[in-house]
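Colleague: I'm new to this one, so could you walk me through its rings?
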Number of protein chains: 2
Amino acid sequence: MSDYRNEWQPPNRILLGPGPSNVHPRVLQAMLSPMLGHLDPDFWPVLDQVRDMLRLVLGTTHNWTLPLSATGTAGMEAAFCNVVEPGDRVVIVVNGFFGERMVDIALRCRADVQRIDVPWGKPVLPELVAQALAAQGHVKAVGVVHAETSTGVLSPLQEIAQVVHHHDALLIVDAVTSLGGVELCMDEWDLDLCYGASQKCLGAPPGLAPISLGPRAVDVVTHRQHPVQSLYLDMVTLEAYWSERRRYHHTAPILMLYALREALRLIMEEGVQQRWQRHAHTAAGLRAGLEALELELFAAPAYRLDPLTTVVVPDKVDAAQVQRQLYQHYNIEIGGGLGALQGKIWRIGLMGDSCKASNVLLVLAALEHSLAQQGYADARGVGVAAAQQVFAAS
Amino acid sequence: MSDYRNEWQPPNRILLGPGPSNVHPRVLQAMLSPMLGHLDPDFWPVLDQVRDMLRLVLGTTHNWTLPLSATGTAGMEAAFCNVVEPGDRVVIVVNGFFGERMVDIALRCRADVQRIDVPWGKPVLPELVAQALAAQGHVKAVGVVHAETSTGVLSPLQEIAQVVHHHDALLIVDAVTSLGGVELCMDEWDLDLCYGASQKCLGAPPGLAPISLGPRAVDVVTHRQHPVQSLYLDMVTLEAYWSERRRYHHTAPILMLYALREALRLIMEEGVQQRWQRHAHTAAGLRAGLEALELELFAAPAYRLDPLTTVVVPDKVDAAQVQRQLYQHYNIEIGGGLGALQGKIWRIGLMGDSCKASNVLLVLAALEHSLAQQGYADARGVGVAAAQQVFAAS
């Protein structure tokens, strides 16, 4: 038995992996506010304010917008189990680990899943979706990952939405790694269902999954033939609590909602677009530094994701050893590859409060030093210098 | 739009409803520890320690013991969706709102549900379960709520387990309101699957649902014909993360796990049995006070639950008005009735850190005063005096 008697004294990490990201002190502070019950009328403004601010971050006025009391994977599950009924045909474009997970989840919802595979590292392009839909009979929904956390690739949603609606299908969007860090306009782009996670670009702790349903999705959910297979994620019953009816569904995770509220307030103060720009600008510095170190970026050039940069591990370099060194010598977390990419790429996140120039400089310095120890190249500070140049130019 | 620009300044409630309960300052403090990533080896001791301590609270050595990243309702869902396959016969004894919810969830798992109804306020008795099982063909699992949060009734699990195993079925136990506050010995009583919630007698914030599976349940789960319909709650894939394999499943709610760890440490320091005794003793004071006020207790006398006492609302008293007064004048939360019991009972919780003599005295004084304002009786302090007598006798 490990010893729980000791005080818990974790190292003070700089979190530059695929999430969680570091949390602003105000967000932590918010969790110390007196706890209220989930049916206390004095708690209700928190529910309303969280919904209002989530809508602003998602770029939507959709009524059915709320954070699920679970993580992003539950967001994915809620999307499919509310929309899909047994036997419904669903097209899922797989260009990474989380597209693969969509297939798994949709199959567990007993969908008739038609998968389209795109090489990992490439985006989902509208032409491919159009081809796939033209070759199918009626398709109920198309699932696309906006920002593939496993590959660092961003896909062009607006054009995909047009194609999908041309075929009278719903577009289900995984925005786990994009929400709050990359342009995302649910209404303007006409997305039907979108879910995210609290612990990435939103800057809250892990544990909540915002989800929003547009009118087409609500229409489908409110006219189902079969009950949603999950009561916990059943949007109709969740909405009965989050709406003014305040009907008991489950005990809301009060302190997590306090934290999300404060994280969203910080976004409101910064401005949603300004926040996207910060993520873009900071990532540009990181990419310049990595390229100056002659490291290869994994994602297709025109589709690189700002909040998460993927780097090919050079020949003869031990990926896990570099991650260990970063933990031990610099207190920095970066992510490794998931699934087939394990040991082949690193994933460097610049999300939320972790997304700042000083973290870019530090991770570049640390990476260069660690790579030099494995004989990759001399450490000459070229990565840091290249990033500095980008930051100075702004 | 409600105004999120203001600081969040909730009232400082004494939480005496059906949960959440008040949280010890050490638990809050733990959430301020530096956040680690869910795949950081330095985080893994937290996972091991939480499992170890949960086993001690549950009275088990079962390997498959972990907190789900969601609330108690998800615990119920995990229980049924992991054990049940489509068409499996399941017997559920319904003696309150949460038994009703078990039926709902089991049906969503496509079980062949045989329900046995017991009047709300009465316990589930082993003879009834024996009768029901004798009248059925093969039954895969029996679902029973140990402590019905809607009625304040405790059912005798040990005898029920014997009956259930005599018929080669699994016993699924809802311990949401009992875990950590009432005697519960998973191994000694031979319970096959048990789930709870973080925010009641365990004294952590809401958001986690401990679950534990014994060998019969693990055998069923690892020999399924069909995939578990929820990936998020799939115990095989969750165990792959919580075991030494540390295989990515979802982003663990890091800060909530810090909080649960600290809440469990407080239980270890107090002693599990001492904690049950504290809940019993404190509730005895409350019951004596309520009876001195000539209020009727709702639950059957021999089966009253210590962490949650249910009180019949007297004739001509407006239940909701009393709750409002307690909020407004005393900053006390008590619960109202759920479902069919709305407006008919109150539910007074004494759970975890909220479970103390001073809260009993305060809620009795407040209740007496509020009832007097509605003409129920003069406020003469008899409730407080009766409780004092119980506390003085110890």
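Modeller: One definition to begin with: a charge sits over a ring if NZ of Lys or CZ of Arg is within 6 Å of the ring centre and within 35 degrees of the ring normal. In this model, which is predicted, the charged end of Arg5(A) sits over the ring of Tyr4(A), at 4.7 Å from its centre.

Colleague: And over which ring does the charged end of Arg5(B) sit?
Modeller: The charged end of Arg5(B) sits over the ring of Tyr4(B), 4.7 Å from the centre of that ring.

Colleague: Switching topic, how many aromatic pairs are there over all chains?
Modeller: Searching the whole structure gives 12 aromatic pairs over all chains. One of them is formed by Phe43(A) and Tyr258(A), a tilted pair with 6.4 Å centre to centre and 50° between the planes.

Colleague: Where in the chain are Phe43(A) and Tyr258(A)?
Modeller: They link distant parts of the chain, 215 residues apart: Phe43(A) is in the loop between helix H1 (25–30) and helix H2 (44–58) of chain A, while Tyr258(A) is in helix H9 (residues 254–270) of chain A.

Colleague: Buried or exposed, Phe43(A) and Tyr258(A)?
Modeller: Phe43(A) is buried, and Tyr258(A) is buried too.

Colleague: Why is the pair of Tyr248(A) and Phe97(B) tilted?
Modeller: The planes of Tyr248(A) and Phe97(B) are at 55°, with the ring centres 5.9 Å apart, so the pair is tilted. Because Tyr248(A) lies in the loop between helix H8 (235–242) and H9 of chain A, and Phe97(B) in helix H4 (residues 97–108) of chain B, this pair joins two chains. Both Tyr248(A) and Phe97(B) are buried.

Colleague: Which residues do ring pairs link into a cluster?
Modeller: Trp8(A), Phe43(B) and Tyr258(B) are linked into a cluster by ring pairs.

Methods:
Residues numbered from 1 in each chain as written. Chains lettered and ligands numbered in written order. Predicted model: local features only at pLDDT ≥ 70, side-chain atom pairs only at ≥ 80, totals over all residues. Heavy atoms only, no water. Phe/Tyr/Trp six-rings, centres within 6.5 Å; stacked < 30°, edge-to-face > 60°. Helix = DSSP H or I, 4+ residues; strand = E, 2+ residues; numbered from the N terminus. Buried < 20%, exposed > 50% of the residue type's maximum accessible area, 1.4 Å probe, protein only.
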